[in-house]
Amino acid sequence: MQEQEHVRRTTTDRTDAEIETPVANTEAGDRLKAELDDLLDEIDEVLETNAEDFVRSFVQKGGQ
Amino acid sequence: MLSSESARANTSKHNSHARPTGRYGAVVSIAKICGIETEYGIVWRGVDEPNPITASSILINSYVSSLQAAPGRSGSGLRFEWDFESEQPGTDARGFSPLGALPPEVESHLVNTVLTNGARYYVDHAHPEMSSPECTNARDVVVFDRAADVIVQRSMLAANRILPEGQEIVIYKNNSDGKGNSYGCHENYLVDRNLPFGEIVFGITPHFITRQIFCGAGKVGSELAADTDEVSFQITQRADFFEEEVGLETTLKRPIINTRDEPHADPIRYRRLHVIIGDANMSEAATFLKVGTTAVMLAMLEDRFLPKNFLFAAPVAALRKVSRDLSLQTPLRLVDGTTVRAIEVQWEYLHQAVRYAEQGGLEVVGEEVGRQILLEWESVLSDLERDLFTTADRVDWVAKLRLIDGYRERHDLRWNDSRLAALDLQYHDLRPQRCLAARVGLRGMCTEDEVLEGTHRPPTDTRAYFRGACLEKFGSEVIAANWDSLVFDIGEESLRRVPMMEPLRGTVAHVGEILSRSGSAAELLDHLASVRET
C-alpha cells in the first residue's frame with residue numbers, strides 16, 4: 001500500500017518532464033558536436049530498415 | 001584443503017595499526033571479492049513464434065560445441081553439469097521469509113555450463129546469462145564483463161551457422177524491452193558476516209539511488225503506465241521496475257536492496273551482497289565506476305567510516321526522480337526534512353573515500369585499482385557538473401542521449417517516434433556491425449588481448465583459478481561444478497567433492513604448482529590431501 005503512495009507522489013510531484021539538459025558550450029563540447037554530426041551521417045545505414053516493426057516485435061520475457 | 005584453513009589472514013588487512021578502526025572497531029573490512037551476472041535480451045528472427053528458452057539453449061550449446069570442435073581441444077573440457085546442491089536462493093538475509101514472498105526457483109533442467117575462465121554460462125528465466133568468475137577488483141570485473149560479451153558474440157556466430165537460411169539469433173545487452181519486461185544485470189560483493197544487514201541497508205541504499213547519474217544506461221520513455229507520455233528520456237533502464245525498499249524478490253516487486261542470503265562461501269564468515277538494481281553497461285568505464293564505487297562504499301561501511309548518512313524520506317520515489325532528472329538538479333527529500341541532490345550525495349561519498357584512502361582503506365579493493373576508482377569518480381562528477389556531454393565518452397546514458405537527441409533534432413522527430421526507440425535498442429545490439437555503442441566514441445579501459453585471454457583463462461587471484469584450471473586440465477574428470485565446490489569422478493566407487501568455501505583460496509599462488517605437477521585428477525586430489533596433512 002505504501003508503495004502505491006510512492007508512485008502517486010512521483011507522478012504528481014514531477015513538473016520537469018521537459019527539463020533542458022545543460023548545453024555543451026566548451027571546446028570539448030564543440031568537438032563532440034562535430035563528431036556527432038559524422039556519426040549521424042552514417043546512422044541511417046545501420047538503423048533497422050523497418051524501425052516500427054523492429055520495435056514492436058522486440059518483446060522479452062521478464063527476468064530477474 | 002581449499003576450505004579447511006582460515007583465509008582471515010588473507011582477507012583482512014594486515015597493518016591494522018595504520019588503518020581506520022571505525023566507531024566501534026568491531027568489524028574490519030575484508031577483500032571485496034566481486035563479480036557481475038548479466039541476463040541478455042534475445043531475439044530469434046525469421047521464426048513465427050520464437051521460444052526464447054529454445055533460442056537461449058541453441059545459443060549456448062552452439063558455443064560449447066564450437067569449442068569442442070576447435071583444433072587443439074580435447075573435446076571434453078566443457079561438458080559439465082552445474083551442481084545445485086548448495087543453491088539456496090530463497091534464504092533471506094533478514095532471517096525470515098515474508099508472507100507472500102516467492103523465492104526464485106532453481107531451473108535445474110535448463111542448459112547450464114561452466115567455462116574454463118571460471119564463469120557460468122546458462123539459461124535463466126528465458127534469457128542467456130553469464131556470471132563472471134570471482135574477481136578481486138573492479139578492473140578485473142570489467143575485463144571479464146567484456147570477455148562475456150565476446151563469448152556471446154562468438155555464440156551468435158556459432159548459432160547462426162547452424163540455423164536455417166533466413167533465421168538469426170541476435171543478442172542485446174540491455175535490461176528492458178520497452179514494454180514493461182525487464183531482465184537484470186546483477187553485481188555481487190563479499191561482505192563480512194559480522195556487519196549487521198541493517199547497516200548495509202541504510203548505508204548502501206543512498207548510493208544505489210544516486211550512483212545512477214554515472215552508471216545508468218539510459219532509456220527512451222518510461223514503462224510506468226502513469227507517466228509514459230511525460231518522460232522523453234531517462235537515465236536508467238531499471239528504475240521503472242523497482243517498487244520496494246528491501247526484499248527477497250528479483251522478478252517482481254523488485255527491491256532496491258535484495259535480501260537473498262546465499263553466500264556461496266563460508267556462511268559463518270561471509271555474506272554475498274546480491275545487487276539487483278544496476279543497468280548492464282556498454283561502457284567499460286561505467287562498469288568500472290559502478291562496481292568500483294560500490295566496493296569502496298561497502299569497505300567503508302565495514303570499517304564504520306561513513307559518519308554522515310543520507311536517509312531518504314521516500315527511497316523508491318527518489319530512485320525514479322533521479323532517473324528522470326537529466327539536469328541533475330532535482331532536490332531529494334531526506335527524513336530530517338532537508339533536501340539534497342544526487343550529485344551532492346556522490347560528492348560527499350567521494351570526499352569520504354579520499355579520507356579513507358589516506359588512512360590505508362583501499363587495500364581491500366585493490367590498492368592501485370582503488371586509486372583509479374577515486375580518480376575516475378572525481379573526474380566523472382566534475383564533468384557531469386561542468387558540461388554533461390563531455391561525459392559521453394564514458395557515461396552510457398549521456399552517450400545514448402547525445403546520439404538519440406541529435407538524430408531527433410536532425411530529422412525533426414517526436415520523442416515517441418519508433419526510430420528513436422529503435423536507436424535505443426540498437427545501442428545494445430551485440431553484433432559488431434550493428435552496435436551503436438561501438439560507434440559513439442566510448443573509451444575503453446582494457447586491452448583487446450586482456451579481453452580475449454579472459455574468454456578462456458580465469459583470474460589468478462581467487463578460487464575461480466582452481467575452478468577454471470581444473471576444467472581446462474582435467475575437464476573429462478570433472479563431472480559437476482559450483483561456485484563453492486568441484487566434483488570429480490576419478491573412476492572410484494564414489495565421487496570426490498572438493499569444497500571451496502574460501503573465495504581467496506585456490507589461487508595460482510596457492511594451487512598453481514600442485515596443478516602443474518598433477519598428471520590426472522586422481523594425482524591432484526592426492527596432492528591436495530597430502531598438503532592438508534602437513
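## Chatting through a two-chain model

Me: Which chain B residue does Asp41(A) form a salt bridge with?
Reply: Asp41(A) pairs with Arg410(B), and the closest N and O atoms are 2.7 Å apart. A salt bridge here is a side-chain nitrogen of Lys or Arg within 4 Å of a carboxyl oxygen of Asp or Glu.

Me: Before I go on, what kind of model is this?
Reply: It is a predicted model, where local features need pLDDT of at least 70, side-chain atom pairs count only at pLDDT 80 or more, and totals for chains, interfaces and linings use all residues, while side-chain values use heavy atoms, with hydrogens and water left out. Residues are numbered from 1 along each chain as its sequence is written, with chains lettered from A and ligands numbered from 1 in the order in which they are written.

Me: Thanks! Back to that pair: where do Arg410(B) and Asp41(A) lie?
Reply: The side chains of Arg410(B) and Asp41(A) meet at 2.7 Å, N to O. Arg410(B) is in helix H10 of chain B and Asp41(A) is in helix H2 of chain A, so the pair joins two chains. Helices (H or I, at least four residues) and strands (E, at least two) are DSSP runs, numbered from the N terminus.

Me: How many residues are in contact across the two chains?
Reply: 69 residues of chain B are in contact with 45 residues of chain A, contact meaning heavy atoms within 4.5 Å. About 4,800 Å² is buried between the chains, and carbon and sulfur atoms give 57% of that. Arg402(B), Arg410(B) and Arg439(B) supply 12% of the area that chain B buries against chain A, more than any other three residues. Buried area is the accessible area (1.4 Å probe) that two parts lose on being put together, summed over both.

Me: And how many salt bridges and polar contacts between the chains?
Reply: There are 5 salt bridges between chain B and chain A, and 23 residue pairs in polar contact across the interface, both residues being at pLDDT 80 or more. On the side of chain B that touches chain A, the elements giving two or more residues are strand E2 (41-45), strand E11 (242-247), H7, helix H10 (396-411) and helix H11 (418-427). A polar contact is a pair of N or O atoms within 3.5 Å; within protein, one must be able to donate a hydrogen and the other to accept it, and residues adjacent in sequence count only if both atoms are side-chain atoms.

Me: What is each chain built from?
Reply: Chain A has 3 helices and 0 strands, while chain B comes to 15 helices and 18 strands. Of the 64 residues of chain A, 34% count as buried; in chain B, buried residues make up 63% of 534.

Me: Switching topic: which residue does Glu134(B) form a salt bridge with?
Reply: Its partner is Arg467(B), with the closest N and O atoms 2.6 Å apart. That pair links distant parts of the chain, 333 residues apart: Glu134(B) sits in the loop between strand E6 (127-131) and helix H3 (138-162), and Arg467(B) in helix H13 (residues 464-474). Both Glu134(B) and Arg467(B) are buried.

Me: Which residues are linked in a network of salt bridges?
Reply: Glu376(B), Asp383(B), Arg386(B), Asp393(B), Arg394(B) and Arg443(B). Over all chains, the structure holds 41 salt bridges.

Me: One more: what does the side chain of Asn117(B) reach?
Reply: The Asn117(B) side chain reaches the backbone oxygen of Gly454(B) at 2.8 Å. Asn117(B) is in the loop between strand E4 (112-114) and strand E5 (120-124) of chain B, and is buried at a relative accessible area of 2%. Leaving aside neighbours within four places in sequence, the contacts of Asn117(B) include Pro133(B), Phe144(B), Ile151(B) and His456(B).

Me: And Leu381(B), where is that found?
Reply: Leu381(B) is in helix H9 (residues 367-386) of chain B, and is buried, with a relative accessible area of 0%. Beyond neighbours within four places in sequence, Leu381(B) is in contact with Ile213(B), Phe214(B), Ile343(B), Gln346(B), Trp347(B) and Leu350(B).

Definitions and conventions:
Buried < 20%, exposed > 50% of the residue type's maximum accessible area, 1.4 Å probe, protein only.
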